[in-house]
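Reader: I am new to this structure and would like a close look at a single part of it, the sheet. Please take me through it step by step.

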Amino acid sequence: MIRFDNADLGYGSPPVLRGVNLQIHQGESIGLVGPNGCGKTTFLRAVLGLIAPSAGRVERRPGPRFAYVPQADEMNLLWPLTVEEVVLLPAQALRWGGRALQEDRRRAKEAMARSGVSPIAHRLLREVSGGQRQRTAIAQALAQAPDVYLLDEPTKGLDVVAERDLLALVAGLSEGGKTVFLVSHSLHIPLNLSKRILLFHQGSVISSTPEEILRSKRLEEVYGVPFVHMEQKGYRWVVPEGAR
Amino acid sequence: MSFLALPFMRTAFVAGLFAGTALSIIGIFSATRSVAFSGLAASQLAALGGVVGIVLGLHLSASVFSWSFVVAGLMALAFLSRSRKTSADSWVATLYVLGAALAVLVLSKSPRGESEALGVFFGNILSVGTLEVWEAGALFVLTLVGLALWFRRWVWLAFDPMGAEVAGVRVGLWTGIFHVFFAAALTLSIHIFGVLLSFAYLILPATAGLLMVKRVRRLVLFCIVWTATATAVGFDLSFRWDFPTGPFISALLALGALAARVVKKPGDGGN
(Lines give C-alpha, C1' and ligand atoms only; values in the text may rest on other atoms or scores of the structure.)
Protein backbone atom coordinates (compact mmCIF):
# COMPACT_ATOMS: atom_id res chain seq x y z
CA MET A 1 0.00 0.00 0.00
CA ILE A 2 2.81 2.43 0.92
CA ARG A 3 6.51 1.98 0.35
CA PHE A 4 9.21 4.16 1.92
CA ASP A 5 12.47 3.89 0.03
CA ASN A 6 15.36 5.50 1.94
CA ALA A 7 13.08 8.49 2.60
CA ASP A 8 14.04 11.56 4.61
CA LEU A 9 10.90 13.08 6.14
CA GLY A 10 10.32 16.40 7.86
CA TYR A 11 9.63 20.09 7.37
CA GLY A 12 13.05 21.35 6.33
CA SER A 13 16.63 20.73 7.21
CA PRO A 14 17.54 18.63 9.12
CA PRO A 15 14.74 16.09 8.50
CA VAL A 16 12.85 14.65 11.48
CA LEU A 17 13.26 11.08 10.17
CA ARG A 18 16.19 9.85 8.07
CA GLY A 19 16.51 6.98 5.62
CA VAL A 20 13.13 5.36 6.30
CA ASN A 21 12.88 1.96 4.57
CA LEU A 22 9.52 0.31 5.07
CA GLN A 23 6.70 -1.34 3.23
CA ILE A 24 3.19 -1.19 4.65
CA HIS A 25 0.60 -3.61 3.35
CA GLN A 26 -3.17 -3.29 3.25
CA GLY A 27 -4.72 -4.93 6.31
CA GLU A 28 -1.77 -4.48 8.67
CA SER A 29 -2.31 -3.39 12.25
CA ILE A 30 0.62 -1.16 13.19
CA GLY A 31 1.50 0.41 16.54
CA LEU A 32 3.64 3.58 16.59
CA VAL A 33 5.81 3.82 19.69
CA GLY A 34 8.37 6.35 20.85
CA PRO A 35 8.90 9.35 23.11
CA ASN A 36 7.31 12.74 22.39
CA GLY A 37 8.80 14.59 19.43
CA CYS A 38 10.37 11.48 17.91
CA GLY A 39 8.60 11.79 14.53
CA LYS A 40 5.39 9.74 14.84
CA THR A 41 3.21 12.59 13.56
CA THR A 42 5.68 13.37 10.78
CA PHE A 43 5.55 9.72 9.71
CA LEU A 44 1.73 9.74 9.69
CA ARG A 45 1.69 12.93 7.61
CA ALA A 46 3.94 11.20 5.10
CA VAL A 47 1.60 8.18 5.08
CA LEU A 48 -1.25 10.58 4.27
CA GLY A 49 0.77 12.27 1.54
CA LEU A 50 0.64 15.64 3.32
CA ILE A 51 4.43 15.98 3.25
CA ALA A 52 6.81 14.88 0.52
CA PRO A 53 10.19 13.28 1.28
CA SER A 54 13.16 15.66 1.06
CA ALA A 55 15.25 12.70 -0.13
CA GLY A 56 14.45 9.15 -1.21
CA ARG A 57 10.97 8.10 -2.31
CA VAL A 58 7.54 7.38 -0.89
CA GLU A 59 5.27 5.39 -3.19
CA ARG A 60 1.59 5.25 -2.31
CA ARG A 61 -1.03 3.12 -3.98
CA PRO A 62 -3.61 5.62 -5.23
CA GLY A 63 -7.07 5.70 -3.76
CA PRO A 64 -7.03 4.52 -0.14
CA ARG A 65 -9.48 6.43 2.04
CA PHE A 66 -8.26 7.55 5.45
CA ALA A 67 -10.16 8.30 8.64
CA TYR A 68 -8.71 9.88 11.76
CA VAL A 69 -9.83 9.10 15.30
CA PRO A 70 -8.86 12.10 17.45
CA GLN A 71 -8.34 12.15 21.18
CA ALA A 72 -11.61 12.90 22.97
CA ASP A 73 -10.28 16.26 24.22
CA GLU A 74 -9.16 17.34 20.72
CA MET A 75 -12.74 17.72 19.50
CA ASN A 76 -14.20 21.23 19.80
CA LEU A 77 -16.96 20.77 22.35
CA LEU A 78 -18.26 24.33 22.05
CA TRP A 79 -20.26 23.20 19.02
CA PRO A 80 -23.71 21.99 20.13
CA LEU A 81 -23.48 18.76 18.15
CA THR A 82 -25.23 15.55 19.15
CA VAL A 83 -23.47 12.19 18.96
CA GLU A 84 -25.45 11.35 15.81
CA GLU A 85 -24.58 14.70 14.20
CA VAL A 86 -20.88 14.11 14.90
CA VAL A 87 -21.03 10.67 13.29
CA LEU A 88 -22.84 12.08 10.22
CA LEU A 89 -20.67 15.20 9.97
CA PRO A 90 -18.01 13.91 7.50
CA ALA A 91 -20.65 12.59 5.08
CA GLN A 92 -22.54 15.88 5.22
CA ALA A 93 -19.38 17.96 5.02
CA LEU A 94 -18.21 16.22 1.87
CA ARG A 95 -21.51 16.73 0.03
CA TRP A 96 -22.66 20.01 -1.51
CA GLY A 97 -25.45 21.45 0.59
CA GLY A 98 -24.48 19.27 3.55
CA ARG A 99 -27.38 16.87 3.01
CA ALA A 100 -26.79 13.28 4.13
CA LEU A 101 -28.09 10.59 1.79
CA GLN A 102 -30.09 7.58 2.94
CA GLU A 103 -26.92 5.49 2.54
CA ASP A 104 -24.98 7.88 4.80
CA ARG A 105 -27.65 7.63 7.50
CA ARG A 106 -27.72 3.82 7.30
CA ARG A 107 -23.93 3.69 7.61
CA ALA A 108 -23.95 6.11 10.54
CA LYS A 109 -26.59 4.03 12.29
CA GLU A 110 -24.55 0.86 11.84
CA ALA A 111 -21.38 2.61 13.04
CA MET A 112 -23.15 3.89 16.15
CA ALA A 113 -24.55 0.43 16.90
CA ARG A 114 -21.11 -1.17 16.48
CA SER A 115 -19.50 1.46 18.71
CA GLY A 116 -22.20 1.18 21.36
CA VAL A 117 -23.34 4.81 21.17
CA SER A 118 -26.83 4.29 19.70
CA PRO A 119 -28.51 4.83 23.10
CA ILE A 120 -26.87 8.27 23.40
CA ALA A 121 -27.32 9.27 19.74
CA HIS A 122 -29.41 12.34 20.58
CA ARG A 123 -27.32 13.60 23.46
CA LEU A 124 -24.86 16.46 23.02
CA LEU A 125 -21.28 15.28 22.69
CA ARG A 126 -20.17 17.68 25.42
CA GLU A 127 -22.65 16.09 27.84
CA VAL A 128 -21.43 12.49 27.56
CA SER A 129 -18.46 10.82 29.30
CA GLY A 130 -14.90 10.76 27.92
CA GLY A 131 -15.25 7.09 27.02
CA GLN A 132 -18.50 7.74 25.15
CA ARG A 133 -16.88 10.66 23.32
CA GLN A 134 -14.03 8.43 22.23
CA ARG A 135 -16.52 5.79 21.05
CA THR A 136 -18.31 8.51 19.09
CA ALA A 137 -15.02 9.44 17.42
CA ILE A 138 -14.56 5.79 16.42
CA ALA A 139 -18.16 5.62 15.17
CA GLN A 140 -17.46 8.71 13.05
CA ALA A 141 -14.42 6.99 11.54
CA LEU A 142 -16.36 3.74 10.95
CA ALA A 143 -19.16 5.67 9.20
CA GLN A 144 -16.63 6.98 6.69
CA ALA A 145 -15.92 3.38 5.62
CA PRO A 146 -12.19 4.08 5.18
CA ASP A 147 -9.44 1.71 4.08
CA VAL A 148 -7.05 3.07 6.71
CA TYR A 149 -7.71 4.18 10.30
CA LEU A 150 -5.36 6.52 12.16
CA LEU A 151 -5.86 6.45 15.93
CA ASP A 152 -4.11 9.01 18.10
CA GLU A 153 -3.93 8.05 21.79
CA PRO A 154 -7.48 6.64 21.77
CA THR A 155 -7.45 5.75 25.48
CA LYS A 156 -5.98 8.98 26.83
CA GLY A 157 -7.85 10.16 29.91
CA LEU A 158 -10.11 7.10 30.17
CA ASP A 159 -10.63 5.01 33.30
CA VAL A 160 -9.50 1.38 33.19
CA VAL A 161 -12.90 -0.12 32.42
CA ALA A 162 -13.64 2.44 29.69
CA GLU A 163 -10.15 1.72 28.30
CA ARG A 164 -10.78 -2.04 28.26
CA ASP A 165 -14.13 -1.60 26.47
CA LEU A 166 -12.67 0.81 23.97
CA LEU A 167 -9.73 -1.45 23.15
CA ALA A 168 -12.13 -4.30 22.34
CA LEU A 169 -13.71 -1.96 19.81
CA VAL A 170 -10.34 -0.86 18.40
CA ALA A 171 -9.26 -4.52 18.04
CA GLY A 172 -12.20 -5.08 15.67
CA LEU A 173 -11.29 -2.18 13.36
CA SER A 174 -8.76 -4.22 11.38
CA GLU A 175 -11.43 -6.76 10.41
CA GLY A 176 -12.17 -6.93 6.70
CA GLY A 177 -8.66 -6.02 5.56
CA LYS A 178 -8.57 -2.50 7.03
CA THR A 179 -5.20 -1.00 7.90
CA VAL A 180 -4.87 0.46 11.40
CA PHE A 181 -2.18 2.86 12.64
CA LEU A 182 -2.30 3.24 16.41
CA VAL A 183 -0.29 5.88 18.28
CA SER A 184 -0.07 5.32 22.03
CA HIS A 185 2.22 6.22 24.90
CA SER A 186 0.73 3.35 26.88
CA LEU A 187 3.07 0.64 25.59
CA HIS A 188 0.82 -2.29 26.53
CA ILE A 189 -1.84 -1.11 24.05
CA PRO A 190 0.10 -1.53 20.78
CA LEU A 191 1.90 -4.57 22.24
CA ASN A 192 -1.47 -6.31 22.62
CA LEU A 193 -3.44 -4.88 19.71
CA SER A 194 -0.93 -4.44 16.89
CA LYS A 195 0.75 -7.14 14.83
CA ARG A 196 3.65 -4.87 14.00
CA ILE A 197 5.38 -2.15 16.02
CA LEU A 198 7.25 0.83 14.58
CA LEU A 199 9.74 2.17 17.11
CA PHE A 200 10.78 5.79 16.58
CA HIS A 201 14.21 6.57 17.94
CA GLN A 202 16.74 9.33 17.18
CA GLY A 203 15.45 10.03 13.68
CA SER A 204 15.10 6.43 12.61
CA VAL A 205 12.18 4.01 12.38
CA ILE A 206 12.70 0.42 13.54
CA SER A 207 10.11 -2.13 12.42
CA SER A 208 9.51 -4.95 14.85
CA THR A 209 6.86 -7.31 16.25
CA PRO A 210 5.44 -7.30 19.78
CA GLU A 211 7.21 -10.62 20.45
CA GLU A 212 10.59 -9.20 19.34
CA ILE A 213 10.07 -6.10 21.47
CA LEU A 214 9.50 -8.25 24.56
CA ARG A 215 12.50 -10.50 23.82
CA SER A 216 14.96 -7.77 22.91
CA LYS A 217 16.30 -4.65 24.64
CA ARG A 218 14.77 -2.27 22.07
CA LEU A 219 12.51 -0.42 24.49
CA GLU A 220 15.50 0.13 26.76
CA GLU A 221 17.43 1.63 23.82
CA VAL A 222 14.56 3.95 22.87
CA TYR A 223 13.55 5.17 26.32
CA GLY A 224 16.97 4.87 28.02
CA VAL A 225 15.66 3.01 31.08
CA PRO A 226 15.32 -0.72 31.86
CA PHE A 227 11.86 -2.29 31.46
CA VAL A 228 10.07 -5.14 33.21
CA HIS A 229 8.14 -7.39 30.80
CA MET A 230 5.22 -9.47 31.99
CA GLU A 231 2.78 -11.78 30.29
CA GLN A 232 -0.26 -13.20 31.98
CA LYS A 233 -3.37 -14.88 30.55
CA GLY A 234 -2.07 -14.00 27.08
CA TYR A 235 -1.89 -10.28 27.95
CA ARG A 236 1.44 -8.44 27.60
CA TRP A 237 2.53 -5.71 29.91
CA VAL A 238 5.66 -3.58 30.11
CA VAL A 239 6.60 -0.97 32.70
CA PRO A 240 9.85 0.93 33.32
CA GLU A 241 11.83 -0.72 36.08
CA GLY A 242 11.49 1.06 39.42
CA ALA A 243 8.04 2.45 38.56
CA ARG A 244 6.24 2.11 41.87
CA MET B 1 -42.05 59.70 16.06
CA SER B 2 -40.42 56.41 15.02
CA PHE B 3 -36.94 56.35 13.53
CA LEU B 4 -38.53 54.69 10.50
CA ALA B 5 -40.13 58.00 9.60
CA LEU B 6 -36.72 59.37 8.66
CA PRO B 7 -35.52 58.09 5.27
CA PHE B 8 -31.78 58.08 6.20
CA MET B 9 -32.48 56.11 9.39
CA ARG B 10 -34.65 53.66 7.45
CA THR B 11 -31.86 53.14 4.93
CA ALA B 12 -29.26 52.66 7.66
CA PHE B 13 -31.54 50.25 9.52
CA VAL B 14 -32.10 48.01 6.50
CA ALA B 15 -28.38 48.01 5.61
CA GLY B 16 -27.46 47.33 9.24
CA LEU B 17 -29.98 44.53 9.49
CA PHE B 18 -28.49 42.73 6.50
CA ALA B 19 -24.82 43.34 7.40
CA GLY B 20 -25.34 42.63 11.10
CA THR B 21 -27.18 39.33 10.64
CA ALA B 22 -24.64 38.15 8.05
CA LEU B 23 -21.82 38.99 10.46
CA SER B 24 -23.54 37.32 13.42
CA ILE B 25 -23.93 34.02 11.52
CA ILE B 26 -20.29 34.11 10.41
CA GLY B 27 -19.40 35.01 14.01
CA ILE B 28 -20.56 31.56 15.17
CA PHE B 29 -17.27 30.24 13.82
CA SER B 30 -15.25 32.88 15.69
CA ALA B 31 -17.07 32.21 18.96
CA THR B 32 -16.75 28.43 18.70
CA ARG B 33 -13.07 28.55 17.79
CA SER B 34 -12.28 30.59 20.89
CA VAL B 35 -10.74 33.20 18.59
CA ALA B 36 -13.01 36.12 19.43
CA PHE B 37 -10.13 38.55 19.60
CA SER B 38 -8.92 37.69 16.13
CA GLY B 39 -12.27 39.21 15.09
CA LEU B 40 -11.35 42.39 16.93
CA ALA B 41 -7.92 42.50 15.28
CA ALA B 42 -9.57 41.90 11.88
CA SER B 43 -12.07 44.72 12.61
CA GLN B 44 -9.20 47.05 13.41
CA LEU B 45 -7.38 46.10 10.22
CA ALA B 46 -10.56 46.72 8.21
CA ALA B 47 -10.77 50.15 9.84
CA LEU B 48 -7.12 50.81 8.96
CA GLY B 49 -7.82 49.83 5.35
CA GLY B 50 -10.77 52.21 5.26
CA VAL B 51 -8.66 55.03 6.71
CA VAL B 52 -5.89 54.48 4.16
CA GLY B 53 -8.43 54.49 1.34
CA ILE B 54 -10.04 57.72 2.60
CA VAL B 55 -6.74 59.53 3.21
CA LEU B 56 -5.53 58.60 -0.25
CA GLY B 57 -8.72 60.17 -1.55
CA LEU B 58 -9.97 56.87 -2.92
CA HIS B 59 -13.36 56.96 -1.21
CA LEU B 60 -14.96 54.45 -3.54
CA SER B 61 -12.03 52.09 -3.04
CA ALA B 62 -12.06 52.32 0.75
CA SER B 63 -14.05 49.09 1.01
CA VAL B 64 -11.60 47.33 -1.29
CA PHE B 65 -8.74 48.53 0.93
CA SER B 66 -10.59 47.33 4.07
CA TRP B 67 -11.34 43.93 2.56
CA SER B 68 -7.74 43.52 1.36
CA PHE B 69 -6.34 44.47 4.77
CA VAL B 70 -8.57 41.93 6.53
CA VAL B 71 -7.67 39.09 4.15
CA ALA B 72 -3.95 39.98 4.37
CA GLY B 73 -4.23 40.19 8.18
CA LEU B 74 -5.91 36.79 8.47
CA MET B 75 -3.25 35.25 6.23
CA ALA B 76 -0.52 36.89 8.30
CA LEU B 77 -2.16 35.62 11.49
CA ALA B 78 -2.25 32.05 10.15
CA PHE B 79 1.45 32.31 9.27
CA LEU B 80 2.56 33.97 12.52
CA SER B 81 0.58 31.51 14.67
CA ARG B 82 2.71 28.63 13.39
CA SER B 83 5.47 29.68 15.76
CA ARG B 84 5.70 27.28 18.68
CA LYS B 85 7.59 29.78 20.81
CA THR B 86 4.68 32.24 21.11
CA SER B 87 0.93 31.90 21.53
CA ALA B 88 -1.49 32.75 18.71
CA ASP B 89 -3.10 35.28 21.09
CA SER B 90 0.14 37.29 21.12
CA TRP B 91 -0.05 37.72 17.35
CA VAL B 92 -3.74 38.62 17.50
CA ALA B 93 -2.81 41.35 20.00
CA THR B 94 0.09 42.46 17.80
CA LEU B 95 -2.15 42.86 14.74
CA TYR B 96 -4.80 44.64 16.82
CA VAL B 97 -2.26 47.14 18.16
CA LEU B 98 -0.74 47.61 14.70
CA GLY B 99 -4.15 48.20 13.09
CA ALA B 100 -5.33 50.63 15.78
CA ALA B 101 -2.05 52.54 16.05
CA LEU B 102 -1.55 52.92 12.30
CA ALA B 103 -5.18 54.03 11.83
CA VAL B 104 -4.69 56.81 14.40
CA LEU B 105 -1.30 57.80 12.93
CA VAL B 106 -2.67 57.96 9.40
CA LEU B 107 -5.73 59.92 10.58
CA SER B 108 -3.48 62.39 12.43
CA LYS B 109 -2.15 63.50 9.04
CA SER B 110 -5.63 63.87 7.56
CA PRO B 111 -7.11 67.39 7.47
CA ARG B 112 -10.46 66.01 8.67
CA GLY B 113 -8.84 63.56 11.07
CA GLU B 114 -11.12 63.85 14.07
CA SER B 115 -14.45 63.55 12.24
CA GLU B 116 -13.10 60.70 10.12
CA ALA B 117 -11.79 58.93 13.22
CA LEU B 118 -15.28 59.01 14.71
CA GLY B 119 -16.65 57.59 11.47
CA VAL B 120 -14.13 54.77 11.39
CA PHE B 121 -14.41 53.71 15.00
CA PHE B 122 -18.13 54.31 15.52
CA GLY B 123 -19.44 54.24 11.93
CA ASN B 124 -21.36 56.89 10.10
CA ILE B 125 -25.01 56.08 9.78
CA LEU B 126 -25.72 59.37 8.05
CA SER B 127 -23.49 58.40 5.14
CA VAL B 128 -25.35 55.15 4.39
CA GLY B 129 -27.11 55.30 1.05
CA THR B 130 -29.03 53.03 -1.31
CA LEU B 131 -25.78 51.56 -2.61
CA GLU B 132 -24.87 50.30 0.86
CA VAL B 133 -28.33 48.77 1.24
CA TRP B 134 -27.85 46.82 -1.99
CA GLU B 135 -24.33 45.82 -0.96
CA ALA B 136 -25.55 44.63 2.44
CA GLY B 137 -28.47 42.77 0.87
CA ALA B 138 -26.16 41.06 -1.61
CA LEU B 139 -23.77 40.18 1.21
CA PHE B 140 -26.60 38.71 3.28
CA VAL B 141 -27.81 36.57 0.36
CA LEU B 142 -24.25 35.47 -0.52
CA THR B 143 -23.59 34.56 3.11
CA LEU B 144 -26.76 32.47 3.25
CA VAL B 145 -25.87 30.75 -0.04
CA GLY B 146 -22.31 30.06 1.14
CA LEU B 147 -23.57 28.65 4.40
CA ALA B 148 -26.24 26.57 2.68
CA LEU B 149 -23.58 25.00 0.47
CA TRP B 150 -20.67 24.60 2.87
CA PHE B 151 -21.86 25.11 6.44
CA ARG B 152 -21.20 21.50 7.51
CA ARG B 153 -17.76 21.54 5.88
CA TRP B 154 -16.80 24.64 7.85
CA VAL B 155 -18.28 23.11 11.01
CA TRP B 156 -16.09 20.02 10.48
CA LEU B 157 -13.01 22.22 9.97
CA ALA B 158 -13.78 24.02 13.25
CA PHE B 159 -14.79 20.86 15.11
CA ASP B 160 -11.95 18.53 14.11
CA PRO B 161 -9.55 20.10 11.56
CA MET B 162 -7.15 17.14 11.60
CA GLY B 163 -9.99 14.69 10.90
CA ALA B 164 -11.16 16.82 7.98
CA GLU B 165 -7.63 17.09 6.56
CA VAL B 166 -7.04 13.32 6.87
CA ALA B 167 -10.30 12.64 5.03
CA GLY B 168 -9.09 14.76 2.11
CA VAL B 169 -10.63 18.19 2.75
CA ARG B 170 -8.28 20.93 1.53
CA VAL B 171 -8.10 22.83 4.78
CA GLY B 172 -6.20 25.86 3.41
CA LEU B 173 -8.58 26.33 0.48
CA TRP B 174 -11.78 26.06 2.51
CA THR B 175 -10.47 28.20 5.33
CA GLY B 176 -9.49 30.77 2.70
CA ILE B 177 -12.98 30.75 1.17
CA PHE B 178 -14.44 31.26 4.63
CA HIS B 179 -12.10 34.19 5.25
CA VAL B 180 -13.32 35.85 2.04
CA PHE B 181 -16.89 35.81 3.39
CA PHE B 182 -15.66 36.90 6.82
CA ALA B 183 -13.69 39.84 5.40
CA ALA B 184 -16.55 40.96 3.14
CA ALA B 185 -19.09 41.00 6.00
CA LEU B 186 -16.69 42.75 8.35
CA THR B 187 -15.66 45.38 5.80
CA LEU B 188 -19.22 46.37 4.99
CA SER B 189 -20.32 46.39 8.61
CA ILE B 190 -17.38 48.59 9.62
CA HIS B 191 -18.18 51.02 6.83
CA ILE B 192 -21.72 51.35 8.19
CA PHE B 193 -21.29 50.93 11.94
CA GLY B 194 -17.58 51.17 12.79
CA VAL B 195 -15.33 48.82 14.73
CA LEU B 196 -17.26 48.56 17.99
CA LEU B 197 -20.64 47.42 16.68
CA SER B 198 -19.08 45.19 14.01
CA PHE B 199 -17.11 43.34 16.69
CA ALA B 200 -20.25 43.17 18.83
CA TYR B 201 -22.25 41.63 15.95
CA LEU B 202 -19.43 39.18 15.28
CA ILE B 203 -19.13 37.74 18.76
CA LEU B 204 -22.06 38.54 21.06
CA PRO B 205 -25.09 36.95 19.32
CA ALA B 206 -23.18 33.66 18.90
CA THR B 207 -21.99 33.82 22.52
CA ALA B 208 -25.58 34.21 23.77
CA GLY B 209 -26.77 31.55 21.32
CA LEU B 210 -24.22 28.98 22.49
CA LEU B 211 -25.64 29.41 25.97
CA MET B 212 -29.30 29.44 25.00
CA VAL B 213 -29.75 26.71 22.36
CA LYS B 214 -28.66 23.10 21.98
CA ARG B 215 -28.72 22.51 18.23
CA VAL B 216 -26.59 23.98 15.45
CA ARG B 217 -29.57 24.90 13.25
CA ARG B 218 -31.26 26.65 16.15
CA LEU B 219 -28.00 28.47 16.84
CA VAL B 220 -28.03 29.97 13.33
CA LEU B 221 -31.69 30.91 13.67
CA PHE B 222 -31.07 32.37 17.13
CA CYS B 223 -28.25 34.59 15.81
CA ILE B 224 -30.48 35.95 13.03
CA VAL B 225 -33.45 36.67 15.32
CA TRP B 226 -31.31 37.99 18.21
CA THR B 227 -29.35 40.34 15.95
CA ALA B 228 -32.44 41.60 14.12
CA THR B 229 -34.25 42.23 17.41
CA ALA B 230 -31.30 44.00 19.05
CA THR B 231 -30.80 46.11 15.93
CA ALA B 232 -34.49 47.13 15.74
CA VAL B 233 -34.77 47.85 19.46
CA GLY B 234 -31.39 49.64 19.45
CA PHE B 235 -32.36 51.89 16.53
CA ASP B 236 -35.70 52.72 18.09
CA LEU B 237 -34.55 53.43 21.65
CA SER B 238 -31.37 55.29 20.67
CA PHE B 239 -33.50 57.50 18.41
CA ARG B 240 -36.11 58.14 21.12
CA TRP B 241 -33.55 58.80 23.85
CA ASP B 242 -31.06 60.58 21.61
CA PHE B 243 -28.10 58.21 22.02
CA PRO B 244 -25.55 57.21 19.36
CA THR B 245 -26.99 54.11 17.65
CA GLY B 246 -23.88 51.92 17.26
CA PRO B 247 -22.74 52.01 20.92
CA PHE B 248 -26.38 51.60 22.01
CA ILE B 249 -26.87 48.37 20.02
CA SER B 250 -23.41 47.16 21.15
CA ALA B 251 -24.40 47.66 24.79
CA LEU B 252 -27.70 45.84 24.21
CA LEU B 253 -25.89 42.86 22.65
CA ALA B 254 -23.34 42.76 25.49
CA LEU B 255 -26.09 42.92 28.13
CA GLY B 256 -27.92 40.17 26.22
CA ALA B 257 -24.87 37.90 26.36
CA LEU B 258 -24.43 38.59 30.08
CA ALA B 259 -28.14 37.92 30.69
CA ALA B 260 -27.86 34.61 28.81
CA ARG B 261 -24.96 33.64 31.06
CA VAL B 262 -26.97 34.53 34.17
CA VAL B 263 -30.06 32.65 32.96
CA LYS B 264 -28.08 29.59 31.89
CA LYS B 265 -25.90 28.54 34.80
CA PRO B 266 -22.98 26.13 34.18
CA GLY B 267 -24.37 22.71 33.31
CA ASP B 268 -27.77 24.07 32.30
CA GLY B 269 -29.07 22.88 28.98
CA GLY B 270 -30.51 25.06 26.26
CA ASN B 271 -33.37 24.28 23.94
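Author: Two strands pair if DSSP finds at least two bridges between them. Strands here are DSSP runs of E with at least two residues, helices are runs of H or I with at least four residues, and both are numbered from the N terminus. The model is predicted, so local features need pLDDT of at least 70 and side-chain atom pairs count only at pLDDT 80 or more, while totals for chains, interfaces and linings use all residues. Residues are numbered from 1 along each chain as its sequence is written, and chains are lettered from A and ligands numbered from 1 in the order in which they are written.

In strand 4 of chain A, A:R57 is the bridge partner of A:D5. Five bridges join strand 1 (residues 2-9) of chain A to strand 4 of chain A, in the antiparallel sense. In general, strands of a sheet pair through backbone hydrogen bonds, either parallel or antiparallel.

The whole sheet is open and has three strands of chain A in the order 2-1-4, with antiparallel pairing. Strand 2 (17-24) and strand 4 (55-60) of chain A are the edge strands, each pairing on one side only. From one strand to the next, the twist averages 15°; angles run from 0 to 180 degrees between N-to-C directions, and axes are lines fitted to C-alpha atoms, for helices over the stretch in contact.

Helix 1 (residues 40-48) of chain A packs on this sheet and touches strand 1, strand 2 and strand 4 of chain A. Contact requires that the C-beta atoms of two residues, placed from the backbone, lie within 7 Å. The direction of helix 1 makes about 130° with that of strand 1 of chain A.
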